[in-house]
Each structure stands twice: as C-alpha cells, then as structure tokens.
Amino acid sequence: MFSLKNISIKTLYLSIFSGITTGIAVSIFRIFIPKVMELSKHILSAANNSLLNSLFFILFFIGLGLLVSLFTHIEPMIGGSGIPQVSGILSNKLKMSWIKIFICKLLGGIISIGSGLTLGREGPSVQIGASIGQGISETFSLKNEERNNLIAGSAGAGMAVAFNAPISGIIFSIEELLHKTNSKQFIQVSVTVLIAVLTSLFILGSSPAIPIET
C-alpha cells in the first residue's frame, strides 16, 4: 500500500520544491521558444525587402550559431537530447555541473529550437528538470536513493510540463530512468511531477501544449 509514511517530511518538501522550480523553469522554456520563433520569422521576412536586411539576417543567425557553440563549449554535456546524460548521472557513470547544465541547456535550447532547427523540446526539458533535481539533492545532501528519485522525478516533471502530460512524466521517470519502483519512489516521483504540472498550469494556463490549427 502506498502511504506517506514511506517518505520523510524533508524529502516530501524537497520534492514539492523541485516540482515548483521545474514547473517554472520549463514554463519559461515554453514561453520563450515561440517568441524567438516569431523574431526569426520577422527577420526572415524582412530579409526579402533589401540587401541590407538580408545581410542582417545572415549575421543574426551566424551570431545565434556562435552563441550555441559557446554554450556547448562551456558545458559539452548539453549536446544531444540530454536523456542519456541523465541516465549516466543516475547510474553514477557521469558527473556534471548542474548549474552549468541548467543555464546552458535552457538558453541554448531556446535559441536552437526558436531559430527553426529541427529539434524537439522533450530532451532539453528532461535535462533541465534533472539539473534542478541534482542541484537540490546536492544542496541538501540527500542519500543516494532519495537523490536518484528526485533527479528522475524532476526529469519526468520536465517532460510532463513540456507536453502537459503528467502520467507520461511519471511513467518515463519510473520505467526509463529508474527501471524499477517501490512505494517511496512512486510517491516522490509523482509528487514532483504533479506539482510541476500544476505550477505550469498556473503560469501558462490550460491551453494545449502543441496547438493544432483547424
């Protein structure tokens, strides 16, 4: 039977805090991607009007490329989707600076996806969430099991907020990252994911994560 007696008050509070923080961070991620897309479309449209605008268009996207390259130079672990890196942390095969991951993945993801590259927001959202869970677990010196649960829960929370899909976030955390479950893991992961989604709903509203024009 699942019971709150299986989880400490400290862990429960940290799961809630991680969920709130992940909800805010990934909501910001979702807010700014379309804004950069709109800016990119505007610059592309203006490039058709004059040679000077065309030159600005070229320089603008070269600048974005250099900026993303700088982020990957500062923190190489943000390359790719980020999900394998999260798995590496949970299996103690990789060590990463959570603060550099958080900043570089958040800004780099917004620029890369917003500029029109064929990238999705699932992987970046997962790694952003995991970096938050890692940071909180290190700050409060959690034991290995609680640390892994918080990182996996925050990673699943990132996915859940990215697509407004809490059940998918919980299943992803348990099946793909932890590969097993018990009552303690299920409660900690579920609390983190659900709080993150509620936080994002407060910020973004209940509109579809991927709107489809009819």
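Which residue follows H4, and what is its phi? The model is predicted: local features need pLDDT of at least 70, side-chain atom pairs count only at pLDDT 80 or more, and totals for chains, interfaces and linings use all residues. Residues are numbered from 1 along each chain as its sequence is written, and side-chain values use heavy atoms, leaving out hydrogens and water.

**View A. Gly116 follows H4.** The phi of Gly116 is positive, near 105 degrees. Helix H4 covers residues 98-114 and has 17 residues. Helices here are DSSP runs (H or I, at least four residues), numbered from the N terminus. From first C-alpha to last, H4 reaches 23 Å, close to the 24 Å expected at 1.5 Å a residue. That expected span is 1.5 Å times one less than the number of residues.

**View B. H4 has buried residues.** Among them are Ile101, Cys104, Lys105 and Leu106. Buried means under 20% relative accessible area (1.4 Å probe, protein chains only). The buried residues of H4 pack against H1, H2 and helix H5 (122-139). Contact means heavy atoms within 4.5 Å.

**View C. Helix H1 (residues 9-46) packs with helix H2 (residues 51-74).** The angle is about 145 degrees, and the axes lie 8 Å apart. Axes are lines fitted to C-alpha atoms over the stretch in contact, and angles run from 0 to 180 degrees between N-to-C directions. Leu39 and Ile43 are among the H1 residues that meet H2 residues, including Phe56 and Phe60.

**View D. Ser200 sits in helix H8 (residues 183-204).** Ser200 counts as buried because its relative accessibility is 3%. Not counting residues up to four places away in sequence, Ser200 touches Gly23, Ser27, Val161 and Gly205.

Conventions: Helices (H or I, at least four residues) and strands (E, at least two) are DSSP runs, numbered from the N terminus. Buried means under 20% relative accessible area, exposed over 50%, partly exposed in between (1.4 Å probe, protein chains only).
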